[in-house]
Each structure stands twice: as C-alpha cells, then as structure tokens.
Amino acid sequence: LDRLVGLHLPGRRVIMLADATVLELYRAGRFGPTSWTGDTLTFPPGERSKTRETWARLSDQLFELGADRNSGIVALGGGVTGDLAGFVAATYMRGLPYIQIPTTLLAMVDASVGGKTAVDTPRGKNLIGAFHQPAAVIADPVTLQSLPDQVFREGLAEAVKHGLIADREYFEWMESQVEPIQRRDPETLTDLIHRSVEIKAQVVSADERETGCRAMLNAGHTVAHALEQISGFDLAHGEAVALGLMVECQLAEQLGVAPAGLGARVSRLLGRLGLPDRLLQPVDLQAVFPAMLADKKNRAGQIHCALIADLGRMHRTNGWTTPVSPELMARAIAGAAGPPQSRR
Ligand SMILES: NC(=O)c1ccc[n+]([C@@H]2O[C@H](COP(=O)([O-])OP(=O)(O)OC[C@H]3O[C@@H](n4cnc5c(N)ncnc54)[C@H](O)[C@@H]3O)[C@@H](O)[C@H]2O)c1
Ligand SMILES: [Zn+2]
C-alpha cells in the first residue's frame, strides 16, 4: 500500500481515512501485509456516518494534523468511506488529490468509479457532494474474503446490471460462473471487477456530469430507490437493485420494448446469485408512487425509467429514459410478485 500510494501521490504526505471495521481488518493483516505508517483517521462504520457532521469532524482532524495543500487522502473501505472521504478530499483547502481503495464489491464495481462524492442529509441521500475524480482506484479482490455474505451479494446486483445495460456476453458469462462467483474465487472476481469497471468507466467518461448516457446506470434504480425509501432503508441497496431490475425488465416487456422472457431470465440469474428474485411482500402502491415521483430522472411530473431493450442493450427513444404510467408500473410490480416458479 505504501508503495502504490507513493506511486500515485508522489511527494505528498498522505492521510488514510477508513471506517473502524475496515481499519481493524487492515491492521489485523486480513487484507495482506500491513505497511501503512502514515496518519489514519477513522469513524464508525455504516451509512449513518455519511453526514455533514462526520465530514466536519474529519476536516477538523486534518487541520489538527497540519494537513495542507501538499497532502493527499487515501479512502480505504466501502462506498460510505469512498463517498465521505472523497467529499473531504474534494473540499479540504478546495481539494486534495486522493486514492480510492474499495474493499466491498459494490465499491469496486460501482462507487469508486466515476468521481461522485457526497454526504447524506435528513432530506435524502447524497444531497450534498461534489464531482472529484480519484488519482487512482486500487481494488484487491483479496479484501472481499472477509465481507459478510449479504454485503458481498449487493455488489453482484450492480454487476448484473452492467451486463444487462452494456454487454450480453458478460451477462452470459455470469450465468456460467455462478459457482466460482459464490465461492469468491479471486480470479473469477478479478475478471468480474475488471469488466464491470470497464463498463462503468466507459459510460461515465462519455458523460461525466450526468446529462445523457450516464442515466443508463440507473437501470433498475427508479424502482430500487422507491423500494428502499418506503422500507425506511431496511431493504439493502443491492437487494433493492435486484428487485428493481426485475420489475423494470417486466415493464420493458409489457411496453413491448424488450422480448418476452427477459425478466424471467434476469430474475433466474439474480436468484442463483443469492439475490431476491421476486417481491415477497405486497408493495404499498400508495407509498411507492410518491417515492418514485421524487426521483431525479423524472421530468414533468412523470415517472421515468432507464429501460433495457435486450441483454446488453438499452432502450432509447429521444432520451435515455422512458416515461411510465402508474398503471403500467403497478402491473409490472404485480408481475414481479408471487412464487418464483410462476415466472420460471
Ligand atoms: N459514488 C458513487 O458513484 C456511488 C455509487 C454507488 C453507491 N454509492 C454509495 O456507497 C454506499 C454503500 O457502499 P457499501 O455497500 O460499500 O457500504 P459500506 O461502505 O457501509 O460497507 C458496508 C459494510 O461492510 C464493511 N466492510 C467494508 N469492507 C469490508 C471488508 N473487506 N470486509 C468486511 N467488512 C467490510 C463496512 O465496515 C460496512 O459495515 C452508499 O452510501 C451509496 O450511496 C456511491
Ligand atoms: Zn446502485
């Protein structure tokens, strides 16, 4: 780590930011040899740390350490650490260079790529933030061995999304690699991370500030965000994404933009990867519509979804998202509920 940091942030005094869980794992040698000798700042793990309060405390601690314009930051951890430490780096003395070292699959395939940094506010997630690209992203699949199963699977939902939106072969490769993926075989995971990062990086480079094609990364997410929100964030993001992909594929089928059977194929892969493959509880439509209407992608008070046209291909009209009526949405949600065998 010392060597890689020296390579990408040469001549800088670098300070590491990590949540308490990750820091303990790192110090215990669970990620390999522990070479870090620089200063380290920490905070409690979890989304609840991704606040302006933690941002202020970490920034103050950087002042106390005497960090200046010639300093740098290393963000070691999951997406929470990446977003939070990235926002500290984006704002401290108008911006310090930083390195992302993602240690969750979600952070490797999604959060660490693209330069979005943010903190949450009581009004919603990621409402205060900045675009700030890291000097480097270092993903070591060895760190994934210690992840709790559920956290590991959450990243797989985003990987399935990447196959769906951009690369049929990648989707089919995942269908053929379920066993080594589940066993967290480092070589298989290296291939998976590699392909997902390529896809995300390609989309983001084409549209860094999210005015066009970056919307395709929101496939499944109109429904996912609404389900997360009405669950009071009890539902994990990756699980919500799995459900969202399924519902939105059903939607695409019903609208006639995707071939019949796409939703069933997607839910089969998600289920085999240990992700939810159907809605187990009835969805409160009275609550879900207002939540969907609050989505950033909407225009003119209509729900918009980034829809899949077929494995590896997005549906496009004049934009990257398609308006969806509440009736159709309700029908797709109903179609994604019930016993799995009814759709297999
Ligand atoms: N910036 C972006 O583009 C972007 C994209 C997607 C998600 N996100 C953000 O990412 C966050 C979610 O990320 P996450 O799921 O990684 O959450 P997280 O950072 O909270 O990590 C999940 C849990 O796993 C633990 N952990 C991390 N690495 C570990 C390891 N190697 N072994 C054992 N435990 C480990 C953490 O301590 C934490 O308790 C959300 O805040 C979301 O908004 C950002
Ligand atoms: Zn997501």
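Because the model is predicted, local features require pLDDT of at least 70 and side-chain atom pairs count only at pLDDT 80 or more, while totals for chains, interfaces and linings use all residues. Residues are numbered from 1 along each chain as its sequence is written, chains are lettered from A and ligands numbered from 1 in the order in which they are written, and side-chain values use heavy atoms, with hydrogens and water left out.

## Ligand 1

The shell around ligand 1 holds 26 residues, of which Glu 47, Gly 79, Thr 103, Thr 104 and Ser 146 come nearest; a residue is near if one of its heavy atoms lies within 4 Å of the molecule. By class, the shell divides into 10 nonpolar, 8 polar and 8 charged residues. Here Ala, Val, Leu, Ile, Met, Phe, Trp, Tyr, Cys and Pro count as nonpolar, Asp, Glu, Lys and Arg as charged, and the others, Gly among them, as polar. At least two shell residues each are supplied by α2 (20–27), α4 (79–91), α5 (105–111) and β6 (124–131). Helices (H or I, at least four residues) and strands (E, at least two) are DSSP runs, numbered from the N terminus.

The table lists polar contacts of the ligand, that is, pairs of N or O atoms within 3.5 Å.

| Residue | Protein atom | Ligand 1 atom | Distance |
|---|---|---|---|
| Ser 146 | polar side-chain atom | nitrogen | 2.7 Å |
| Thr 143 | backbone N or O | nitrogen | 2.9 Å |
| Lys 116 | backbone N or O | nitrogen | 3.0 Å |

The protein covers 86% of the 870 Å² of accessible area that ligand 1 has on its own, with areas taken from the Shrake-Rupley method and a 1.4 Å probe.

## Strand pairing

Two strands pair if DSSP finds at least two bridges between them. Strand β1 (residues 13–19) runs parallel to β3 (residues 71–77), to which 6 bridges join it, and Met 16 has Val 74 as its bridge partner in β3. A further 4 bridges link β1 to the parallel strand β2 (residues 40–43), where Leu 41 stands opposite Leu 17. Together, β1, α2 and β2 form a right-handed β-α-β unit; right-handed denotes a path from the first strand over the helix to the second that runs clockwise with the strands pointing away from the viewer.

Strand β3 is also joined to β4 by 5 bridges in parallel orientation, with Gly 77 opposite Pro 102. A right-handed β-α-β unit is likewise made by β3, α4 and β4. In turn, β4 and β7 (residues 136–137) run parallel and share 2 bridges; Gln 100 faces Val 137 there.

## Burial and backbone

In β1, 6 of the 7 residues are buried, meaning under 20% relative accessible area, as against exposed (over 50%) and partly exposed (in between). In β4, 5 of 5 residues are buried: Tyr 98, Gln 100 and Pro 102 point one way, and Ile 99 and Ile 101 the other. Ile 99 counts as buried because its relative accessibility is 0%.

Most residues other than glycine have a negative phi. Met 93, in the loop between α4 and β4, has a positive phi of about 50 degrees and counts as partly exposed at 30% relative accessibility. Phe 233, in the loop between α10 (221–230) and α11 (237–254), has a positive phi of about 65 degrees and counts as partly exposed at 46%.

Definitions and conventions:
Polar contact = N/O pair within 3.5 Å; in protein donor to acceptor, adjacent residues only side chain to side chain. Buried < 20%, exposed > 50% of the residue type's maximum accessible area, 1.4 Å probe, protein only.
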